[in-house]
Amino acid sequence: MMRNLQSVFIGLTTVAVGLAYVTGHLENVALVVVLLGVFWITGHYKGWNWLGSMMFFVFVGFCTVGLYFNLSREWLFVGLIGALSAFDMNRFEQRKTMAGMIKRGHDMEKRHLFRLVAVIFVSLVLGIITASVKIKIEFGAVLTLGLLAVLCLNRVTVYLKRENKDLRDFIEI
Amino acid sequence: MNRPVIIESVFYFLLLLGLMTRNGDVLALTIPFAVYLGAGIFYGPKELRLKVTRILPENRVAVGRQAVIRINLTNSGDDLEEVLVEDMCPKGLDLAGKTPNLLTLLPAGGKAELEYSVKGTRGSFSFKGVRIIASDHLGIVRQRMVLSAPKELVFLPEIPKLQRVNIRPRQTHGYAGPILSRQAGSGLDFFGVREYQSGDPRNRINWKLSERHIRRIYTNDFEKERIADIVLILDARMSSEIRFSDESLFEYAIRATASLADGFLTDGNRVGLLIYGFDPKWTFPGYGRLHKKRIEKALLQAKTEEAGLFEHMDRLPIRRFPARSQVVMINPLLRDDTSIFTRLKKYGFEILVISPDPIDFEKKMITSSDNPGILKDIQVAARIAELERELRIKKLRKMGIRIVNWQIDTSLDRAIHSTMGRFPHTSHHVRLESSS
């Protein structure tokens, strides 16, 4: 079920991002998006695990760039959610493959999907709300938020370091 | 790169980009990532309270057979949405099919069981811990821990049972056993005849001999059966080893040593073991079941190595052996090994050599490989080596050393008993005092 659903999300992303580019009269880019989408689905069925993360980055890139070309932000938002969902399912499949033996797998899959659906639903609701909200940010606020973002990035670095330390501990044991 | 890092990186990249370019739409793109990360953090595992037990239905398994390993995990903490159990399998074990990992969900008070099988080569393998990685469904927050679950798994070579090996050391102990002691007394084997003494049982009187002597009665003497000291010497020098993929001559030597030790100890003898290699390992002579385990352990750890200082058998630590005991050497009889036998004889040891035939072993292995071009040359070389070995064995037999030339495709038991049958070692003599 998870496998087929992942294809559905890849398809959804491709269609949404492609449509955003078509409506913005960038048919050539839309064609590239569709070709990449087909490649992603092919890779998914062929079991190329490395492709999932790569295509996720590519489609996030298409969504971000699309916004600077004033393309339909609704389609791009849907495309981004689709890419995130496909990426999540790809990682879940990878975890299952790596584990080898799985118990209560059906239960786990079901709960995972519920969680993902909840995330999608909340994201869409918040997306709709933000579409109707307009906040003017002054330079000072931007600077503050920028600093906050830098601090958060610092947290990512700390997290990465901790992860590596954990791995070292495991190796020592 | 793992998932939380990817998601966090994209999230912060979009956030920074949106702020720098003051683009609200780009900022809006961070929402799904923020929700995704938030859900992970909210539902992530807080504290792990897990208990793990490892069960080995059999902790001593024959080489070639599969050993089952079972790990039971009990959760006495909160619900765990995703738990990955990874058993830290010792190096050298081959997994038979399933991996030693299990992915499951574990509710509060729940239990999970991981079962897998392994195969191994001869040796002892110690399991240490089980690695646990618990995370939320989205795999954002992960808690890791290693729980200790130590157990020892032993892969034993198949040890064929042997019939009693007839040995005759120069010296025996005072306790009753199966070995002929070269002394008259109660026993089963005829030893000699002596003049009747009061108290001798009537059924021991030799009537035929007594008839021929006037007024003299003779009694049969039997040979006392006692236990003895036996020293097993396993040659673990690299030069004695021949290995072809899975087949190893040394492994056959180990099986033979184990069988002999088992047989001698079962008969009640005191058995010592010397594994002669780079660092000769000496197991002091002892009796009984516990000592059998000691010898088994030493044999499990035995491996061939470049012997260095001990490359020649002449360095054998003879002084450690019990005086005038029986030495059983498991050795392929290399060219330079013959001199040690003279020395052992000189010190009063009785020697039995179990010699796995290296030429026969190698010949069979090469013949079975696909090398038809050089097959004829190999046959000629093998014949020369065989002749050389035959001469060596002949020379040693002349010295009074019993040698079992064991071609490993025949059973050791048959090899020993056919050889021992052909070369009787004992000679019974009748002592008859002249009548005056």
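I count two residues as in contact if their C-beta atoms, placed from the backbone, lie within 7 Å. This is a predicted model, so I note that local features need pLDDT of at least 70 and side-chain atom pairs count only at pLDDT 80 or more, while totals for chains, interfaces and linings use all residues. Residues are numbered from 1 along each chain as its sequence is written, and chains are lettered from A and ligands numbered from 1 in the order in which they are written.

Entry: I looked up B:Leu232 and, leaving aside neighbours within four places in sequence, found it in contact with B:Thr257, B:Leu260, B:Ala261, B:Val271, B:Leu273, B:Val328 and B:Ile330.

Entry: Helices (H or I, at least four residues) and strands (E, at least two) are DSSP runs, numbered from the N terminus. Six strands make an open, mixed sheet in the order β1(A)-β6(B)-β4(B)-β8(B)-β9(B)-β2(B). Strands pair if DSSP finds at least two bridges between them. β1(A) and β2(B) each have a single partner strand, so one side of each lacks a neighbour in the sheet. Where do the chains join here? Two bridges link β1(A) to β6(B), and the two run parallel. A:Ile102 stands opposite B:Leu103, and A:Met101 opposite B:Leu102.

**Entry: helix pair.** I checked α1(A) against α2(A): their axes come within 8 Å and cross at roughly 175°. (Axes are lines fitted to C-alpha atoms over the stretch in contact, with angles from 0 to 180 degrees between N-to-C directions.) The two are therefore roughly antiparallel, a label for angles over 145 degrees.

**Entry: chain contact.** Chain B puts in 43 residues and chain A 45. On the chain B side, α1(B) supplies the largest share, 12 residues. That side divides into 25 nonpolar, nine polar and nine charged residues. (Ala, Val, Leu, Ile, Met, Phe, Trp, Tyr, Cys and Pro count as nonpolar, Asp, Glu, Lys and Arg as charged, the others as polar.)

Technical notes:
Parallel < 35°, antiparallel > 145°, perpendicular 65-115°, else oblique.
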